Amino acid sequence: MGVFILFISSLYFLQFFFFISPLLVSSYDGPLYDSSAYTECKLQPEKPLYNGGILNNPLLNGDRIHSPSFVLQNLDNATKYCFSIWIKIKEPEPALVRASLVTEATTLNCIGTVIAKEGCWSFLKGGFVLSSPSYLSTLYIQNPDGRNISIEIASASLQPFTDQQWRLNQETKINQARKRAVNIHISDKKGIGLKGAGVRVELVSKDFPFGSAIASTILGNSLYQKWFVERFNAAVFENELKWDATEHTQGQLNYTIPDQMVEFVRSNQIIARGHNIFWENPKYIPKWVLNLTGSDLESAVESRIESLMNKYKEEFIHWDVSNEMLHYDFYEKNLGPNATLRFFGSAHRADPLATLFMNEFNVVETCMDADSTVDTYVSRMRELKMGGVSMDGIGLQGHFDVPNSPLMRGVLDKLATLGLPIWLTEVDISNKFNKETQAIYLEEVLREGYSHPAVDGIILWTALRRGGCYQMCLTDGDFNNLPAGETVDNLLKEWDTGILNGQTDEHGSYTFFGFLGEYKVTAKYGNDTFGSTFSLPRGQETKQFNIQM
């Protein structure tokens with residue numbers, strides 16, 4: 001029999017000791033990644049990151065007014081290059097400015113973008129990875145629309161990282177954001193530490209939401225359900241909540257399938273995102289809705305919000321309110337420019353506990369899409385906030401082709417300046433690649449997302465439905481792992497404290513560095529056994545758990 005006391009202790013020496021795992025040797029002398037980013041236009045540019053890196057004495061080339069460029073020599077294909085620069089234009093209207101790279105073998109049309117303005121400096125952050133080495137390359141700063149804009153540049157920086165350096169920086173970020181030091185102290189009832197007490201610690205529930213889309217095919221399929229529950233703690237319904245699925249014919253509401261899916265996630269203590277209330281793309285709007293105008297359309301959208309949100313109030317942690325609004329604008333075209341504001345307002349009033357999200361593609365996947373650059377995303381969020389919208393989540397779909405890790409990280413850094421939770425909501429890799437290549441690229445994306453402190457959750461777009469998956473499956477039809485599934489399982493194992501067994505030291509302490517979540521601890525001393533649980537949330541101080549035997 002025993003009692004326990006739970007409190008926070010400032011054991012900074014322990015935190016420091018565990019800050020870098022044994023694999024991350026203390027002799028590391030490579031560059032530390034600089035996550036500094038800015039989304040406000042400044043009167044003066046900041047100093048260059050990394051003191052300019054390999055651009056500390058840049059060789060400017062060509063048209064230095066309308067298309068400034070840098071000559072780069074001896075770039076390596078086994079290196080990740082982080083690029084940043086401050087830009088100001090002499091043009092009354094804001095303009096998109098894009099960085100690109102031309103080598104002897106290839107052209108990277110976009111390695112970073114910024115919406116630049118007159119009279120103040122804007123920050124571009126991105127980067128690139130080459131598929132082959134380059135002896136002589138040119139990095140261009142241009143307006144992609146062909147406008148003859150005068151461009152000023154300042155504080156340019158290009159910092160190389162080897163693959164090993166990049167991974168070590170990721171692991172450092174994971175140790176800071178996803179793990180925490182714990183000291184379990186076992187004593188007798190007088191408070192005297194017990195040396196040699198047996199300790200068993202098990203992470204029973206992870207703090208970080210990691211999951212997948214599911215489809216109606218999971219209903220009644222015990223094998224699918226078992227496979228899913230063993231791995232994931234978060235889900236999203238692929239299509240079953242969308243308007244065309246719940247009201248294919250006007251006035252004929254059918255929530256039978258999503259009701260059953262809600263019951264599945266609820267019974268297995270899986271959190272779920274609500275996807276989606278509206279989809280701006282006319283291709284996925286119910287045909288009968290496309291034929292409505294004026295007050296009839298207004299009435300239909302209000303009924304949709306009221307029906308869906310009242311039905312599932314407090315069942316979903318998030319709602320994607322107006323899906324892909326940067327690319328499509330059906331409702332604002334037909335209901336006026338404030339339609340989106342009204343959608344968010346109605347959704348918040350109906351379910352005030354749910355976090356409301358923007359959800360977009362081609363924000364972290366590429367910077368070639370002018371409709372969804374990181375600055376366009378930020379600007380739209382700020383517009384909605386100024387309009388009184390209660391929107392507190394950044395949704396990034398993550399349908400990747402070839403990932404560009406430096407660009408992805410730079411975009412996440414800029415979005416993180418908003419101070420809002422970021423979720424990767426629909427991650428997959430294009431099926432134009434073979435399954436082995438999909439797995440390689442998926443690992444790259446997942447490591448990048450998980451290691452970024454501002455990312456609060458990751459959802460894979462890998463629902464297994466009749467006929468396969470959208471772009472990428474984790475398993476075959478019998479739930480045997482495909483290469484991507486093997487990658488996911490390996491990462492889930494890597495990002496898990498698992499079960500630890502040990503003994504207390506001469507002070508009665510047992511220490512470990514664990515992933516955030518819920519833990520079960522068992523202590524044994526002589527004939528006495530004591531079991532309890534504790535939570536390990538994010539924090540900088542060592543967490544202390546005391547057990548008296």
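Colleague: How many bridges join strand S4 to S9?
Modeller: Eleven, with S4 (residues 79-90) and S9 running antiparallel. Strands here are DSSP runs of E, at least two residues, and helices are runs of H or I, at least four, numbered from the N terminus. Two strands pair if DSSP finds at least two bridges between them.

Modeller: Before we go on, this is a predicted model: local features need pLDDT of at least 70, side-chain atom pairs count only at pLDDT 80 or more, and totals for chains, interfaces and linings use all residues. Residues are numbered from 1 along each chain as its sequence is written, and side-chain values use heavy atoms, leaving out hydrogens and water.

Colleague: OK, and what stands opposite Trp 86?
Modeller: Ala 154, in S9.

Colleague: Which order do the strands of the open sheet come in?
Modeller: S7-S4-S9, three strands with antiparallel pairing. S7 (122-129) and S9 (150-162) are the edge strands, each pairing on one side only.

Colleague: Switching to rings: how many aromatic pairs are there?
Modeller: The count is 34, taking Phe, Tyr and Trp (its six-membered ring) with centres within 6.5 Å; planes under 30 degrees apart are stacked, over 60 edge-to-face, the rest tilted. Phe 161 and Trp 166 make an edge-to-face pair, 5.4 Å centre to centre with 75 degrees between the planes.
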